[in-house]
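The exercises below are to be worked with the sequence and the 3D view at hand. Each task is followed by a solution in steps.

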Amino acid sequence: DRRVLRILEQIRERAEAGTFRRAANYHAHFSEARVLEILRNPDAIYESTGRAGKLIYRQGGDIVVVDGPGSGNGQVITGYGASGIRAESGVRALGGAPTDPGTPVTHAMITGGTIPVSPRSPKLPAAIQIWPPSGGPP
């Protein structure tokens, strides 16, 4: 989809320049520097199969969730995983304390639609890996 490719390119350009667009409900569980590192150098990028068409950038056990095509395209919504803390929404999804380490998010969780989310948040549907299709940079 050309719209998705255009959004991916805009996200990459902004990240290389040291910035990213934040959604109104932006709430990462790790530093903005970590968000930028994931956007600049993902291990994989996925597109959710749901109507919202979220883009999920994964590096190791961390993810950054970005709005796909639509009015909020390219805006970072959240970031979480092993490098972060659970925070309040992580506690609602996983239990524990807000300062507990985050839980790693795996390829299987992303493609299987089982990424843990707070009960108040909509589930992220299963996603399809769109990069790398067969290796190489995005």
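**Exercise 1.** How many aromatic pairs does a search of the whole structure find?

Solution. The model is a predicted one. Searching the whole structure gives 1 aromatic pair. Its members are Phe 20 and Tyr 26, with ring centres 5.7 Å apart and planes at 50° to each other. Planes under 30 degrees apart would count as stacked and over 60 as edge-to-face, so the pair of Phe 20 and Tyr 26 is classed as tilted. Next, take the accessibility of each partner. Phe 20 has a relative accessible area of 5% and is buried. Tyr 26, at 21%, is partly exposed; the limit for buried is under 20%.

**Exercise 2.** Describe the order of the elements and the overall form of the protein chain.

Solution. Begin with the count: there are 4 helices and 6 strands in the protein chain. Read from the N terminus, the order is α-β-α-β-β-β-β-α-α-β. The radius of gyration is 14 Å, close to the 14 Å from the globule rule for 138 residues, so the protein chain is as compact as a globular protein of that length. Along the principal axes, the C-alpha atoms fill a box of roughly 40 × 30 × 30 Å. Of the 138 residues, 42% are buried. For contacts with a separation of 6 or more, 50% join residues 24 or more positions apart.

**Exercise 3.** Describe the surface and the charges of the protein chain.

Solution. The accessible surface is about 7,000 Å². Carbon and sulfur atoms hold 53% of that surface. Then count the charged side chains: 16 are positive and 12 are negative. The centres of these two sets are 6 Å apart.

**Exercise 4.** Is Asp 67 buried or exposed, and what does Asp 67 contact?

Solution. First locate the residue: Asp 67 sits in the loop between S4 and S5. Its relative accessibility is 15%. Buried means under 20%, so Asp 67 counts as buried. With neighbours within four places in sequence left aside, its contacts include Ile 7, Ala 23, Lys 54 and Leu 55. Also among them are Gly 72, Asn 73, Gly 74, Gln 75 and Ile 77.

**Exercise 5.** Where is Pro 119, and which residues does Pro 119 touch?

Solution. Pro 119 belongs to the loop between helix H4 (107-112) and strand S6 (127-131). Its relative accessible area is 65%, so Pro 119 is exposed. Residues up to four places away in sequence are not counted; Pro 119 then touches Arg 92 and Ala 93. Arg 92 is 27 residues from Pro 119 along the chain, yet their C-alpha atoms are 6.6 Å apart.

**Exercise 6.** Examine the backbone at Ala 87 and at the peptide bond from Trp 131 to Pro 132.

Solution. Ala 87 is in helix H3 (residues 87-94). Its phi is near 60°, a positive value in a residue other than glycine. With a relative accessible area of 22%, Ala 87 is partly exposed.

Methods:
Residues numbered from 1 in each chain as written. Predicted model: local features only at pLDDT ≥ 70, side-chain atom pairs only at ≥ 80, totals over all residues. Heavy atoms only, no water. Helix = DSSP H or I, 4+ residues; strand = E, 2+ residues; numbered from the N terminus. Rg over C-alpha atoms; globule rule 2.2 N^0.38 Å. Buried < 20%, exposed > 50% of the residue type's maximum accessible area, 1.4 Å probe, protein only. Contact = heavy atoms within 4.5 Å. Areas by Shrake-Rupley, 256 points an atom, 1.4 Å probe, with all protein chains shown as cover. Lys, Arg positive; Asp, Glu negative; His and termini not counted. Charge placed at Lys NZ, Arg CZ, Asp CG, Glu CD. Phe/Tyr/Trp six-rings, centres within 6.5 Å; stacked < 30°, edge-to-face > 60°.
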